[in-house]
Amino acid sequence: MKQMIMGLNLLSTLKGLKVNREARAGHCVACLSANAFHGLCAPCRADLPVNRWSCYTCGLPLPWAADKLRCGECTSEPPPFERARIPWRYQFPVDGMIGRYKYHGQRKFVRPLVADFGQFLARQLAVEPALAPLTLVPAPMHPRRRRERGFNQATDIAEQLGRQLDIPVDSGLVRRVRQVRSQRELNRAQRLTNLKDVFEIRGTPPPRVAIVDDVVTTGATARALAMSLKAAGTRKVEIWALARTPG
């Protein structure tokens, strides 16, 4: 038995060393330094625009220290989701890193963000494990657009987070039933109109869900998705995204 335990300890140590070697493999995607961890060196990681002060509900960056404070919009018109966990602002260099990944399929640029996001979430959920979502739901993409891009970045991110946090991912729970105009150039009101009746829930969602996406801009997609999930029976919805566009 003692030899078996020693063997298991050795196996665990070797596995940890292998994971660390893989995490340290390659160069920094920002400055090409060889001293990278999960694709970013320490100085470039320190330069990421942290979403330090933000609205508790929607993740909107705020100009003052905020502890569970809400922005004016979430106070006057509460969204159908309860909380957003968004670690960065959508500014340089995060915007470029996500863009290279999202529009050019260069996954190495988002790998450090997703790895750090997983650690960020693990720390937060360790403090309040009873609030952890039971399922991760990627923001769905219309099949035609997914074929054009080659992948759904929200599904890709959700699957990586699911593995890190040991939370199941259900990419088939919500479906886009029609293709809409690109949201990129629309304001919030136009986005909400554009997304009316665009999502269909397939099956029964669990009581606690986290919607996963790459970027939250106006929150219109998150509102529409959360509203559909709540109508289908979900009681608590969180929004998990890499970055939030400043107001």
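In this predicted model, Val137 belongs to strand β5, which spans residues 135–138. The protein has 247 residues, of which 47% are buried, and its secondary structure consists of nine helices and nine strands. Of the contacts between residues at least 6 apart in sequence, 71% connect residues at least 24 apart.

- Val137 counts as buried because its relative accessibility is 1%, and the cut-off for burial is under 20%.
- Leaving aside neighbours within four places in sequence, the contacts of Val137 are Asp170, Leu173, Val174, Val209, Ala210, Ile211 and Val212.
- Val137 and Asp213 are separated by 76 residues in sequence, while their C-alpha atoms are 8.9 Å apart in space.

**Nonpolar cores**

- In soluble globular proteins, nonpolar side chains tend to be buried together.
- The largest nonpolar core here contains 33 residues, and Leu113, Leu161, Trp240 and Leu242 have the most contacts inside it.
- At least two residues of this core come from each of β2 (40–41), α4 (94–104), α5 (111–127), α7 (153–165), β8 (208–216) and β9 (236–244).
- The element that gives the most to this core is α5, with five residues.

**Packing of α5 and α7**

- Two packed helices are described by the angle between their axes and the distance between the axes.
- For α5 and α7, the angle is about 45° and the axes are 10 Å apart.
- The two helices α5 and α7 are therefore oblique to each other.
- The crossing of α5 and α7 is right-handed.
- On the α5 side, the contact is made by Val114, Ala115, Phe117, Gly118, Gln119, Leu121 and Ala122.
- On the α7 side, the contact is made by Ile157, Gln160, Leu161, Gln164 and Leu165.
- By class, this contact of α5 with α7 comprises eight nonpolar residues, four polar residues and no charged residues.
- Leu161 takes part in the helix contact and is also one of the residues with the most contacts inside the largest core.

- The buried residues of α4 include Val94, Met97, Ile98, Gly99, Tyr101 and Lys102.
- Gly105, which follows α4, has a positive phi, near 70°.
- Asp156 is located in helix α7.
- Asp156 counts as buried because its relative accessibility is 13%, and burial requires a value under 20%.
- Not counting residues up to four places away in sequence, Asp156 touches Tyr101, Arg107 and Phe151.
- One of these contacts, Tyr101, is among the buried residues of α4.

**The loop between α2 and α3**

- Pro63 lies in the loop between α2 (42–46) and α3 (72–76), and Arg52 is found in the loop between α2 and α3 as well.
- Pro63 is exposed, with a relative accessible area of 63%.
- Arg52 counts as exposed at 62% relative accessibility.
- Along the chain, Pro63 and Arg52 are eleven residues apart, and their C-alpha atoms are separated by 9.6 Å.
- Arg52 and Leu62 are ten residues apart in sequence, with a C-alpha to C-alpha distance of 8.5 Å.

**Backbone geometry in loops**

- Most residues other than glycine have a negative phi, and most peptide bonds are trans.
- Phe92 and Pro93 are joined by a cis peptide bond, with omega about 0°.
- Pro93 is found in the loop between β4 (88–89) and α4.
- Leu32 is not a glycine, yet its phi is positive, at about 70°.
- Leu32 lies in the loop between α1 (2–24) and β1 (36–37), and it is exposed, with a relative accessible area of 63%.
- His38, likewise not a glycine, has a positive phi of about 55°.
- The location of His38 is the loop between β1 and β2.

Methods. Residues are numbered from 1 along each chain as its sequence is written. This is a predicted model: local features need pLDDT of at least 70, side-chain atom pairs count only at pLDDT 80 or more; totals for chains, interfaces and linings use all residues. Side-chain values use heavy atoms; hydrogens and water are left out. A nonpolar core is a set of buried Ala, Val, Leu, Ile, Met, Phe, Trp, Tyr and Cys residues joined through side-chain atoms within 4.5 Å. Buried means under 20% relative accessible area, exposed over 50%, partly exposed in between (1.4 Å probe, protein chains only). Helices (H or I, at least four residues) and strands (E, at least two) are DSSP runs, numbered from the N terminus. Axes are lines fitted to C-alpha atoms, for helices over the stretch in contact, and angles run from 0 to 180 degrees between N-to-C directions. Angles under 35 degrees count as roughly parallel, over 145 as roughly antiparallel, 65 to 115 as roughly perpendicular and the rest as oblique. A crossing is left-handed if the near helix is turned anticlockwise from the far one by less than a right angle, and right-handed if clockwise. Contact means heavy atoms within 4.5 Å. Ala, Val, Leu, Ile, Met, Phe, Trp, Tyr, Cys and Pro count as nonpolar, Asp, Glu, Lys and Arg as charged, and the others, Gly among them, as polar.
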